[in-house]
Amino acid sequence: MAKRSFTPLIALPGGYTAEGAPPPGDPSRTLIEHTYATLRDDIVEGRLPPGGKLRIEHLRTQYQVGAGTLREAVTRLVSDALVTVEGQRGFRVAPIALEELQDITSLRIHIEIDALRQSIRGGDAQWRAALAEAFTALSAEEQPITPPRRRQWEALNVRFHEALLSGHASPWTLRVLRLLSRHSERYRFCAMGLPGSVRDVHIEHTEIYELAMAGQDARAALALEAHIRATPDLLIKALREGRAFLPGTVQLMRN
């Protein structure tokens, strides 16, 4: 069987995960991690709006941390492509756009579907046990998904999707998909609570899980593709019907 070589998920303050962990007993690193997670959450949920200027002197007061800590946290967000650098003029929150959502979706489908099929084919008893555990934890959190528990659900959702792929030993695949997931989260937040939405994410996850556990890689891949497409399809429809908008963008005209 393929050797597992993925970096394990590390819990961060606020329910997020990342590769690696701060050195034990290093309070400065812990503060940076906490500041990074808080800034990231504020970007995802629009409290720091897309395209908005990030002024270190103002953020120091808002987040009650030093300039050095803020710069390190913001630099990490630049690496995540959630923040952009404007030469000598500082930092801005990365914009969001419908075209970006479509591009992210296409990339996820291209990479994640193939990885899932290979994972199912190479998965062993350890893979099945890890997937079952991740699915059980996610199921407890998403029946139903509630806004106050969104961050906890996001962390478990990432864990489940990574468990699905963990039978496929490709660290670079996981790194790329983690980056895409961080950006997808901004759009999932916009899509959550759309008026008139009848989507049942738990049923979608259950279908993918059961097909994966049954070794039906082709059908599991089709279910995963439908699952990945569901958020952009619902959001695009809502935008066109005037039932939703992306912060910092011009609303689409109704058909």
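The model is predicted, with local features requiring pLDDT of at least 70, side-chain atom pairs pLDDT 80 or more, and totals for chains, interfaces and linings using all residues. Residues are numbered from 1 along each chain as its sequence is written, and side-chain values use heavy atoms, leaving out hydrogens and water.

**First stop: two helices.** Select α2 (residues 56-63) and α3 (residues 67-79), whose axes lie 9 Å apart at about 105°. They are therefore roughly perpendicular (65 to 115 degrees; axes are lines fitted to C-alpha atoms over the stretch in contact, with angles from 0 to 180 degrees between N-to-C directions; helices are DSSP runs of H or I, at least four residues). Now show Ile-56, Leu-59 and Arg-60 of α2 with Ala-67, Leu-70, Arg-71 and Val-74 of α3, which make the contact (heavy atoms within 4.5 Å).

**Next: the rings.** Select Phe-135, Phe-160 and Tyr-209, a cluster linked by ring pairs (centres within 6.5 Å; planes under 30 degrees apart are stacked, over 60 edge-to-face, the rest tilted). Phe-135 and Phe-160 are tilted, at 6.0 Å and 50°. Phe-135 and Tyr-209 have centres 4.1 Å apart and planes at 5°, so this pair is stacked. Phe-135 lies in α5 and Tyr-209 in α8 (residues 201-213), so the pair ties together parts 74 residues apart in sequence. Phe-160 is buried at 0% relative accessibility (buried means under 20% relative accessible area, 1.4 Å probe, protein chains only).

Pick Arg-76, whose charged end sits over the ring of Tyr-36, 3.7 Å from its centre (CZ of Arg or NZ of Lys within 6 Å of the ring centre and within 35 degrees of the ring normal). Then try Arg-175, whose charged end sits over the ring of Trp-172 at 4.9 Å from its centre.

Technical notes. Parallel < 35°, antiparallel > 145°, perpendicular 65-115°, else oblique. Buried < 20%, exposed > 50% of the residue type's maximum accessible area, 1.4 Å probe, protein only.
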